[in-house]
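Keep the sequence and the 3D view open as you read.

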Amino acid sequence: MSASTPEGRFKKSFCSDLRKLGCTVLQYTQGVGTVKGFPDTIVLLPEGLVVFIEFKASKTAKFQPLQKEWIEKLTNRQYFAWVCYPGNREKIMSEIKRLL
């Protein structure tokens, strides 16, 4: 995802805010040996918790195959996993701040 796309700009801004909170932000990119559909951002919180985020340009943006499945799978296993888009940015950021 390019930082010049709406999704890329949103993701860059959100991740910058996470880093200001002391989080470590890791980008998961598809390639040989990676899991298809896995959330593209892994956030390590200072207290040792891990958050998985799939960024989208909007609430109605198309998902790639397996993306929703991975969010559900991680959530069902008690991980923090969310789909984040501009319309729910504040909600997701509030949830992360609550975990800090």
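Predicted model: local features only at pLDDT ≥ 70, side-chain atom pairs only at ≥ 80, totals over all residues.

What follows covers the cores, the helices, the aromatic rings and a few single residues.

## Ground rules

Residues are numbered from 1 along each chain as its sequence is written, and side-chain values use heavy atoms, with hydrogens and water left out.

## The cores

Start with the greasy part. A nonpolar core here is a set of buried Ala, Val, Leu, Ile, Met, Phe, Trp, Tyr and Cys residues joined through side-chain atoms within 4.5 Å. Buried means under 20% relative accessible area, exposed means over 50%, and partly exposed is in between (1.4 Å probe, protein chains only). The largest such core has 17 residues, and Phe14, Leu18, Val51, Ile53 and Ile96 touch the most other members. Helix H1 (6-20), strand E3 (50-55), strand E4 (80-84) and helix H3 (89-99) each put in at least two residues. Those labels are DSSP runs numbered from the N terminus: helices are H or I with at least four residues, strands are E with at least two. Another core of seven residues lies apart from the largest one, with Phe52, Trp70, Ile71 and Ala81 among them.

What does valine 51 touch? Leaving out residues up to four places away in sequence, the list is Thr41, Ile42, Val43, Leu45, Phe80, Trp82, Ile96 and Leu99. Contact means heavy atoms within 4.5 Å. As background, nonpolar side chains tend to be buried together in soluble globular proteins.

(The expected span is 1.5 Å times one less than the number of residues.) On the buried list for H1 are Glu7, Gly8, Phe10, Lys11, Phe14, Cys15 and Leu18. They cover an arc of only 160 degrees around the axis, so they sit on the same side of H1; the arc is that of the directions from the helix axis to the C-beta atoms. Pro6, Lys12 and Lys20 are exposed on the other side.

The buried residues of H1 pack against strand E1 (24-27), strand E2 (41-44), E3, E4 and H3. From H3, arginine 89 touches Phe10, Ser13, Phe14, Asp17 and Cys84, again skipping residues up to four places away in sequence. Is arginine 89 buried or exposed? Arginine 89 is buried, with a relative accessible area of 15%. After H1 comes glycine 22, with a positive phi near 95 degrees.

## Helix H2

H2 (67-76) has Gln67, Trp70, Ile71 and Leu74 as its buried residues. Their arc around the axis is only 100 degrees, which puts them on the same side of H2. The cover over them includes E3 and E4. Just after H2, glutamine 78 takes a positive phi of about 75 degrees.

## Rings and charges

The whole structure has eight aromatic pairs. Rings of Phe, Tyr and Trp (its six-membered ring) pair if their centres lie within 6.5 Å; planes under 30 degrees apart count as stacked, over 60 as edge-to-face, and the rest as tilted. Phenylalanine 10 and phenylalanine 14 make a tilted pair, 6.1 Å centre to centre with 50 degrees between the planes. They are four residues apart in H1, so about one helical turn separates them.

Phenylalanine 52 and tyrosine 79 form an edge-to-face pair because their planes are at 85 degrees, with ring centres 5.6 Å apart. This one links distant parts of the chain: phenylalanine 52 is in E3, tyrosine 79 is in the loop between H2 and E4, and they are 27 residues apart. Phenylalanine 52 is buried at 8% relative accessible area, while tyrosine 79 is partly exposed at 41%. Tyr28, Phe38, Phe52, Trp70 and Tyr79 form one aromatic cluster.

Lysine 56 has its charged end over phenylalanine 63, 4.8 Å from the ring centre, and lysine 73 lies over the face of tryptophan 70 at 4.6 Å.

Notes:
Lys NZ or Arg CZ within 6 Å of the ring centre and 35° of its normal.
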